[in-house]
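This briefing is meant for someone meeting the structure for the first time.

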Amino acid sequence: NSKAALAAYEEASRLVANEPASAQKARVLAGHGTELMRQAQYSASRAHCEQAIAVARAVGARAAEGRALNTLGCDLAALGDPEAGIAVLRQALTLIEAAGSFDDIHRVYLNLSVILDLDAGRPEDGLEVARRGLERMRELGLELALPSNTLRINLAWGLWDLGRWQEAEQLVSEALTRALPATWALELQLLAGRLHIARGRFDLAHEQGQSTAQLVEQLNDPLSHAFLQRYLADLAVWQGDYDSARSAVAKALQQLADTEEHVVAVRLCCTGLRATADLAQRAHDRRARPSELTELYATGQQLLAHARQSLAMLGGKLSDVRANAAACEAEFTRLELRSDSQQWAALAGSWDALSRPYEAAYARWRQAEALLASKAPKAAAGVLRQGHRATIQLGERPLRHEIERLAQRTRIELQPPGTEVKPAVTTHVTKHGLTPREQEVLRHLVEGRTNRQIARALFISEKTAQRPR
């Protein structure tokens, strides 16, 4: 329980407050800072870590100093300065290696890879750091230990961001059969669920949400609740349940109200604005009462103001947040029933620069809609084809379906004669009369796993996890 852990650290910090400098005092302050960081209290965490660093340096406690620097790097990035965070984390890595603090090594690789990927907009560098961390775990004989499993999950998230979903799915499949701490089990389940959504497996995505909710109750901290609600909101949007999506966003933002987690807040506002814009379009099409549109517009204004305020708090240096904030602005033009093709084009370019093909494809879908509304079908056709090609390469289904529906309605040919786009997953070659998926099921059966374990590992329903015939 995160609240209990924080209360324990608060008591420990109180007990050592008037004690002279020592390695133990530095460790307590560093631990307190880490727990505060995990609960998105970044300013308070920063203060504790800086105090821990001063104490550690006074007594030469390099391991405690490395731990405090490790957390401080995360704080600095979360508070809007990713480059400062990266510099501190590299310093922490040097110190931790020199001190032989092997239990902290995986954390510093983990933190550095996340900040490089999301905050600094350098996803390939983030991926390389995660791989280097796994290699270091292998050198230490910890390849199958919990720290390596957490690094693999982080690597899978990086692959997800880059659109390398097959590789991400493979890592998730392997990790689902291993034991994990609750916090990382949550990360794993959320990624597994997102892969289900992206593949159009909504029933499995819903089941994943239910099992994740049980884990969130166990963790019982605001961030976990917010992450779950964000996932449920995204699922609801793709299923066209916009009221449920808006409700989930509101719940998540409420969970974050007493935190400094502005990054997630901007992403939530983006999902909320998308759902609200879709509702406004639906209301306009059925000629709803003006009061209904007024209410939706007011909600959208609140979400946009929240996103702008969160961006201002961060200072605009975080690449992912800047792109999501721009997405909020573009969604708001849809809500006003004047979708701006130039804003969507600029957003697609931003996502391209960050190597995020899924988000870029979504922006191009909206750009094409706006171009068609402004009577520019030729330009819309080129943009729509580009987005469609990306969804095929990703192996994505819901967005691809929407793009194809739009093309059909507007008589746009998505694949001109003589062109072919290869999907991410094409293999159906059989061996000994078994498909590749059946071979995977058989391998898990031989290893003694139950149908439920096999289903979780292979992203299929339990009923499907039968002996191949």
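Helix α13 (residues 242–255) packs against helix α15 (residues 290–314) at an angle of about 35°, and their axes lie 13 Å apart; axes are lines fitted to C-alpha atoms, for helices over the stretch in contact, and angles run from 0 to 180 degrees between N-to-C directions. This is a predicted model, in which local features need pLDDT of at least 70 and side-chain atom pairs count only at pLDDT 80 or more, while totals for chains, interfaces and linings use all residues. Residues are numbered from 1 along each chain as its sequence is written, and side-chain values use heavy atoms, with hydrogens and water left out.

**The pair α13 and α15**
- α13 passes α15 in a left-handed crossing, meaning that the near helix is turned anticlockwise from the far one by less than a right angle.
- R246, V249 and L253 in α13 meet E295, L296, T299, L303 and H306 in α15, where contact means heavy atoms within 4.5 Å.
- By class, this contact of α13 with α15 has four nonpolar, two polar and two charged residues (Ala, Val, Leu, Ile, Met, Phe, Trp, Tyr, Cys and Pro count as nonpolar, Asp, Glu, Lys and Arg as charged, and the others, Gly among them, as polar).

**The chain as a whole**
- The secondary structure of the protein chain comes to 22 helices and zero strands, taken as DSSP runs numbered from the N terminus (helices H or I, at least four residues; strands E, at least two).
- Of the 469 residues of the protein chain, 52% count as buried, that is, under 20% relative accessible area with a 1.4 Å probe, whereas exposed means over 50% and partly exposed lies in between, protein chains only.

**The pair α4 and α5**
- Helix α4 (residues 62–78) and helix α5 (residues 82–99) pack at an angle of about 160°, with their axes 8 Å apart.
- That angle makes α4 roughly antiparallel to α5, a label given to angles over 145 degrees.
- The crossing of α4 and α5 is left-handed, and the residues that meet there include L69, L72 and L76 in α4 and V88, L95 and I96 in α5.

**Two loop residues with positive phi**
- Most residues other than glycine have a negative phi.
- R287, although not a glycine, has a positive phi of about 55°; R287 is found in the loop between α14 (262–285) and α15 and is exposed, with a relative accessible area of 77%.
- K375, also not a glycine, has a positive phi of about 60°; K375 is found in the loop between α18 (357–373) and α19 (377–394) and is exposed, with a relative accessible area of 72%.

How values were computed. Angles under 35 degrees count as roughly parallel, over 145 as roughly antiparallel, 65 to 115 as roughly perpendicular and the rest as oblique.
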